[in-house]
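Here are a few exercises to work through with the model open beside you. Try each task before reading its solution.

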Amino acid sequence: MRAKAREEGHGEALAAEGTGHAPQRLYVKALMLSDFRNYASARLELDASPVVLVGDNGSGKTNLLEAVSLLGAGHGLRGRPYGELCRKDGNGGFAIAATVMSRHGEVDIGTGFMPGTREEGAGRTVRIAGKESSTGALGDYVQHVFLIPAMDGLFTGPASERRRFLDRLVLAVDPKMRKPLGRYDRAMRQRNRLFQMREYARALFEGLEEQMAEAGTAIAAARLDAVARLSGLIDETRAARGDGPFPHAVLALEGTLESELQARPATEVEDLFRLILEEGRERDRAASRTLEGPHLSDLIVVHGPKNVPAPHCSSGEQKALLLGLILAKADLIKALEGTSPLVLLDEVAAHLDQARREALFGEILRLGAQAWLTGTDRELFSPLAQDAQILAVNRGIIAA
């Protein structure tokens, strides 16, 4: 049954490829690495089915997931400076090239970091269909969701981690929000720098606070919309399918602008935030940072079946709840884009019991996603074996 599902799904993708219509699956057909992490060079030829990477810890499995994540917008699943992604004994740069079946059809994507580029905060080069492009443009071709061990403390860690999680959801719903997010961050950093420089010029602050008020209100509104969409999809899924194998999440936002937007128009909230910033200058000056705004908002998550805040749940319950959120996000992207995103899951199977593990594999097949999963024990993936490409990874060498 699973093998038939894989065959039919791959057939749909091939048929779409042949007719020139948007494919029903997003998947990586070929992946080439050069001097990336522990890979001097590597090449993979793939079909649309899930990809399972099996090998010892430190063999390079997560590095492959990271390379795939860089085919999309953003800084990759670990968010490391690009200089750190270069192979230790390489030439000081790296290159990733891929042939991707996207909703726009087959496209060649290349990205990398040029040797000798060591400036702090330096970006990566991007080429789409042979033309130079921006990192943000990758989001038009490749969407992905991911879950890595570093996210295990999402519900109990600092709010900044939940904001990053939230803003990845925002960008999945509306990629154009990348500009307001960047504009707000730049204006806030410049305002904070003025405090540190002991600058008092009113005009300088007013200009930056205008930008922060406009962009910050847009960010808060986009976050509310994204959370409402995801919550609505979770409710619709439960109504149609009942309670699934993973607990559903109840979501809310905690923040000044988010609260105000639920009570008044955006134009009024923008004016209010501008006034808050103006009146709070001396307080912010004393702290050398901005003490009010969407950069301090938080995503509140409740374990739906138990009606218990996520931080109060057991580690196992938190893992299942987080996995359910990732799958719900993938479902939302599929509903918005018409194709499932790539699903990158690092060392997830080992932390699930057999029933949940098989349920996860079933959800991946239902989504029709090219999921990339890693693990040290091949046996854990035996229920998925007929429907997946299982590759052995050993110190930068990949074998079927």
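**Exercise 1.** Find which helices are included in what covers the buried residues of H4 in this predicted model.

*Solution.* Start with the helix: H4 spans residues 178-196 and reaches 27 Å from its first C-alpha to its last, close to the 27 Å expected at 1.5 Å a residue. Next, list its buried residues: Pro180, Leu181, Tyr184, Ala187, Met188, Arg191, Asn192, Leu194 and Phe195. They cover an arc of only 155 degrees around the axis, so they sit on the same side of H4. Now look at what lies over them: the cover includes helices H3 (159-173), H5 (202-241), H7 (266-279) and H8 (281-287). Finally, turn to the other side of H4, where Lys179 and Gln196 are exposed.

**Exercise 2.** Locate the salt bridge between arginine 202 and glutamate 278, and work out which helices it ties together.

*Solution.* First, check the distance: the closest N and O atoms are 3.0 Å apart. Then place the partners: arginine 202 is in helix H5 and glutamate 278 in helix H7, so the pair joins parts 76 residues apart in sequence. Last, check accessibility: arginine 202 is partly exposed at 47%, and glutamate 278 is partly exposed at 33%.

**Exercise 3.** Decide whether each partner in the salt bridge of arginine 87 and aspartate 35 is buried or partly exposed.

*Solution.* Begin with the contact, where the closest N and O atoms are 2.7 Å apart. Buried means under 20% relative accessible area. Aspartate 35, at 11%, therefore counts as buried, whereas arginine 87, at 23%, is partly exposed.

Conventions. Residues numbered from 1 in each chain as written. Predicted model: local features only at pLDDT ≥ 70, side-chain atom pairs only at ≥ 80, totals over all residues. Heavy atoms only, no water. Helix = DSSP H or I, 4+ residues; strand = E, 2+ residues; numbered from the N terminus. Expected span 1.5 Å × (residues − 1). Buried < 20%, exposed > 50% of the residue type's maximum accessible area, 1.4 Å probe, protein only. Arc of directions from axis to C-beta. Contact = heavy atoms within 4.5 Å. Salt bridge = Lys/Arg side-chain N within 4 Å of Asp/Glu carboxyl O.
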